[in-house]
Amino acid sequence: MNKPFQNIIRSDIRAMTAYAVADVPEGSIKLDAMEMPYRYPENLQTELSNLLAQAPQNLYPNPATSGLPEALRQAFSIPDTAQIVLGNGSDELIQLMTMLVAQPGAKILALEPSFVMYRHNAQLFGMEYIGVPLKSDFSMDVDAVLEAIEKHQPALIFIAYPNNPTGVCFKREEVEAVLDAASGIVVVDEAYGAFSRDSFLSAAGSCEKLVVMRTLSKIGFAGLRIGYASGHPVVMRELAKIVPPYNMNQLSLTAAKFALQQQSWINGCIDILKRERQRLALGLTALGMEVFSSEANFVTVRVNDALNVFETLKQNNILIKKLHGTHPLLEQCLRITVGTPEQNDAVLTILKTISLKK
Ligand SMILES: *Cc1c(COP(=O)(O)O)cnc(C)c1O
């Protein structure tokens, strides 16, 4: 008897649900995906369009000789001892790092809740995933992590620093303790590094185990899909072997190099968002919400009725992320991307009407 055609596809994949990219009504305030709310002023837009028009679309891209790795090294003071690999967003690099260690018996460890792609990729590559719960204040349970490392000897550990979806940044000494204890690779994912007080980037290349991952997505360029990993050559040269040859495209490479020449504009935006993060957090606290201290460009809160808050904002065309229901520790939690002062005011104004009704 013939098996149904769809059995050709792995049953674990058929059982998955697709990553839901929210469909956003025109005119909404989009505070669900940590995108930066600012775009280039007109003069920079014009300059960029001229550059893009001249980019060699007829030629295959060569990321290594595009000048982008050097520009990143300069812009973010990446040590000479570190090697850089570009990815089509850091999402691609998370996948490639997983592929690099995926062999029978190899395990992946990450903290829970954290970025969902760590677990997702472990599953895709048939690896056992060890999720170590955070404490209830979203700090790292170092003893539990060290115990799990000892027991499972994971080939790969992912630490989001600061963490998503909580915004909390772990203590540097805690991450260092994990690095010391690890027998495998430790990826410190600094997607929100630009908004944080601390970074491991200056340590990249100093230790074989450490890979620091960053992205341009959260600092204004989510649409370009530019991520990068920097680490010791022993690991990075193996990673370079499995990067698809033309994973970056000419337009993105051109636009990313241009972006790095606009550092003062980028830094100006980051400064505004960090100030707004503080103002938003204070405003939400004043409304009686539990606000977790954030080092990222979003604020995670706990409320009495997450669904009601989420729906009320949605009815007012403001889209945020409902974390409630995604992990036991995230009960009644919501994640709000920091927007422009006007957008944040809109959030606070609407939330005031809810708390008054209670
Ligand atoms: C957003 C995010 C990423 C993905 O970034 P891209 O470069 O856009 O793929 C990676 N890690 C964490 C923790 C993130 O929040």
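User: Happy to look at this one with you! At what angle do helix α4 and helix α8 pack?

Analyst: Keep in mind that this is a predicted model. Helix α4 covers residues 89-101 and helix α8 covers residues 233-242, and their axes are 10 Å apart. Angles of 65 to 115 degrees count as roughly perpendicular, and α4 and α8 are therefore roughly perpendicular to each other. The packing angle is about 105°.

User: Which residues in α8 meet α4, and how do the contact residues divide by type?

Analyst: From α4, the contact uses Leu93, Leu96, Met97, Met99 and Leu100. They meet Val235, Glu238, Leu239 and Ile242 in α8. By type, the residues of this contact come to 8 nonpolar, no polar and 1 charged.

User: Which strands stand at the edges of the open sheet of 7 strands?

Analyst: The pairing in this sheet is mixed, and the order is β2-β8-β7-β6-β5-β3-β4. Neighbouring strands are turned by 20° against each other on average, with direction ignored. An edge strand has a single partner, so one side of it is left without a neighbour in the sheet; here the edges are β2 (83-88) and β4 (128-133).

User: Now the open sheet of 4 strands: what is its order, and which are its edge strands?

Analyst: This sheet has antiparallel pairing, in the order β9-β10-β13-β12. Each edge strand pairs on one side only; these are β9 (290-291) and β12 (321-322).

User: What is the bridge partner of valine 299 in β13?

Analyst: Strand β10 (residues 298-302) pairs with strand β13 (residues 333-337) in the antiparallel sense, over 5 bridges. For valine 299, the bridge partner in β13 is isoleucine 336.

User: Which strands does helix α10 lie across, and which does helix α11 lie across?

Analyst: Helix α10 (residues 263-286) runs at about 15° to β10, lying across β9, β10 and β13. Helix α11 (residues 306-315) runs at about 30° to β13, and the strands under discussion for α11 are β12 and β13.

User: Which element gives the most to the lining of the second largest pocket?

Analyst: This pocket holds about 610 Å³ of space. Of its 23 lining residues, the closest to its centre are Met36, Tyr38, Arg39, Gly220 and Phe221, and the lining divides into 14 nonpolar, 6 polar and 3 charged. Two or more residues come from each of α2 (42-54) and α9 (250-260). The element giving the most, with 3 residues, is α2.

User: What is the phi of asparagine 317?

Analyst: Most residues other than glycine have a negative phi. Asparagine 317, in the loop between α11 and β11 (318-319), has a positive value. Its phi is near 65°.

Technical notes:
Residues are numbered from 1 along each chain as its sequence is written. This is a predicted model: local features need pLDDT of at least 70, side-chain atom pairs count only at pLDDT 80 or more; totals for chains, interfaces and linings use all residues. Side-chain values use heavy atoms; hydrogens and water are left out. Axes are lines fitted to C-alpha atoms, for helices over the stretch in contact, and angles run from 0 to 180 degrees between N-to-C directions. Angles under 35 degrees count as roughly parallel, over 145 as roughly antiparallel, 65 to 115 as roughly perpendicular and the rest as oblique. Contact means heavy atoms within 4.5 Å. Ala, Val, Leu, Ile, Met, Phe, Trp, Tyr, Cys and Pro count as nonpolar, Asp, Glu, Lys and Arg as charged, and the others, Gly among them, as polar. Two strands pair if DSSP finds at least two bridges between them. On a 1 Å grid over the protein atoms alone, a cavity is a set of points where a 1.4 Å probe fits but cannot get out, and a pocket is an open set with protein on both sides within 12 Å along at least five of seven lines; lining residues have an atom within 4 Å of a point. Grid points are joined across faces, edges and corners, and a volume is the space filled by probe spheres set on the points.
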